[in-house]
Amino acid sequence: MDLFEKLKQRRGPLGQISGITYGYFQFPKLEGDIANKMVFRDQEMLVWSINNYLGLANHPEIRKVDGESATAHGFSNPMGARMMSGNSVTHERLEEELSAFVMKEDTMLVNYGYMGMASTVDALVDRNDVIVYDSECHACIIDGVRMHQGKRFVYAHNNIEKLEVQLKRAEKLVETTGGAVLVITEGVFGMAGDQGKLVEIVELKKKYDFRLFVDDAHGIGTLGATGAGTGEEQGVQDQIDIYFGTFAKAFASVGGFISSTEDVVDYLKHNTRSQIFAKSMPMPLVEGNLKRLELLRDQPEHKANLWKIANALQSGLKANGFNLGETNSCVTPVFLEGGLMEATNLIFDLRENHQIFTSLVVYPVVPKNVILLRLIPTAAHTLEDVDYTIKTFEIISNKLKNNEYSKDEFTWIKEAPKWITKKSGYVNT
Ligand SMILES: Cc1ncc(COP(=O)(O)O)c(C=O)c1O
């Protein structure tokens, strides 16, 4: 069979309905400055779906440095991979400052968080080692685990008893292979907002021999007294052996970093394939990330503002009977009941009639008949935004309970042709 023909038929779970969802439910275009309000299909929307936690995306000092650095260096500089020709004093300065910020000996920048994370997992272990990881780990960890040629044992999400069972199995196995054990979890699980149980995991180090790798994409800048993340928040930062942070959320930028001991970072710099064989981070991103780090460190008001909004949103929603699951971070999931029809009709109503833009998560990411509306509060939101959202959520949840979103078919279908802007939009019949 011709490969292209096969792909056309297969489409994949997200591609199958692109003909009626492209530009609205998938690949929507939010326009204007990144802020609490942005424009979507010519309407101003209150946006709760951007990880600009600290509101830095549009901070004047950040915009100034980004612009000046782009003018001074362009995006080409430096050319080549770090190891060959793409290193600079500024890259190394950012690494030093990040190490100090997250309280680790050394740091390696990675160009994209996702690639860096997957590739670091790959670099850390060989076929004799065993990876033990949380079942709800982000796709970048799963991809890293997929590259691993040895055994991997998954444990039920945040279930410490199940983790211990897998650690026992891993321990037994490495006795025969002579390998080591790596446990991987997240600081904050980005969908439901619950923190990884780092204190309990670290406690298991007393009984089992393993190293802990934490992906703290959502924790860095948002949790901990100084913003150093979930480890600092839970008082176990020194027990995290390898720490990952992204620049794509609280930093409102691109790229990420891995911090650990000097020896481990030295090893990673010489063995992480996605960094050795790829161009180094462009200078405007490095200088921009240095500036962002400075604001994270020196202007705690951004984190305070974020939490003012997050606390108001979460307590207001809870007071009105909404189920926010187990969140203990800024990520604010609202769990409702309903299928795909109710979910998409509800989002359509929220956007078109109430001018609120949130992310929608449905089966298979969450169980059948669960609608997850994931709200990301930021320092750029206001308490009026919070009040308006809570009032609107009461309206839409009442409509959901009264079956108003399931009376007729997909109400938005007749509008769909207006938002499909892509020729290849596809409906798999
Ligand atoms: C938990 C987690 N890890 C890693 C990543 C990837 O980071 P980046 O966007 O920097 O590639 C994300 C981003 O969505 C994430 O949520």
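Predicted model: local features only at pLDDT ≥ 70, side-chain atom pairs only at ≥ 80, totals over all residues.

Reader: Understood. Which residues of H3 meet H12?
Author: From H3, the residues are Glu-61, Ile-62, Val-65, Asp-66, Ser-69, Ala-70 and His-73. In H12 they meet Met-283, Pro-284, Glu-287, Gly-288, Lys-291, Arg-292 and Leu-295. By class, this contact of H3 with H12 has 6 nonpolar, 3 polar and 5 charged residues.

Reader: And at what angle do H3 and H12 pack?
Author: The angle between helix H3 (residues 60–73) and helix H12 (residues 283–298) is about 155 degrees, and their axes are 8 Å apart. Angles over 145 degrees count as roughly antiparallel, so H3 is roughly antiparallel to H12. The crossing of H3 with H12 is right-handed.

Reader: What about H13 and H15: how do their axes cross?
Author: Helix H13 (residues 301–319) and helix H15 (residues 383–401) cross at roughly 20 degrees, and their axes come within 10 Å. H13 and H15 are therefore roughly parallel to each other. Their crossing is right-handed.

Reader: Which residues make that contact between H13 and H15?
Author: H13 contributes Ile-309, Ala-312, Leu-313, Gly-316 and Leu-317, while H15 contributes Leu-383, Val-386, Thr-389, Ile-390 and Phe-393. These divide into 8 nonpolar, 2 polar and no charged residues.

Reader: Staying with H15, is Asp-385 buried or exposed?
Author: Asp-385, which lies in helix H15, is buried, because 21 other C-beta atoms lie within 10 Å and the cut-off for a buried residue is 20 or more. Leaving aside residues up to four places away in sequence, Asp-385 touches Asn-36 and Leu-46.

Reader: A change of topic: which residues of H6 are buried?
Author: In helix H6 (residues 139–147), the buried residues are Cys-140, Ile-141, Gly-144 and Val-145. They lie on the same side of H6, because they cover an arc of only 140 degrees around the axis. Ala-139 and Arg-146, on the other side of H6, are exposed.

Reader: What covers the buried residues of H6?
Author: The cover includes helix H5 (113–124) and the strands S5 (130–134), S6 (152–155), S7 (181–186) and S8 (211–215).

Reader: Finally, how many Å apart in space are Cys-140 and Asp-385?
Author: From C-alpha to C-alpha, Cys-140 and Asp-385 are 33 Å apart, and in sequence they are 245 residues apart.

Notes. Residues numbered from 1 in each chain as written. Axes fitted to C-alpha atoms, helices over the stretch in contact; angles between N-to-C directions. Helix = DSSP H or I, 4+ residues; strand = E, 2+ residues; numbered from the N terminus. Parallel < 35°, antiparallel > 145°, perpendicular 65-115°, else oblique. Left-handed = near helix turned anticlockwise from the far one by under 90°. Contact = placed C-beta atoms within 7 Å. Nonpolar A, V, L, I, M, F, W, Y, C, P; charged D, E, K, R; others polar. Buried ≥ 20, exposed ≤ 12 C-beta atoms within 10 Å, placed from the backbone. Arc of directions from axis to C-beta.
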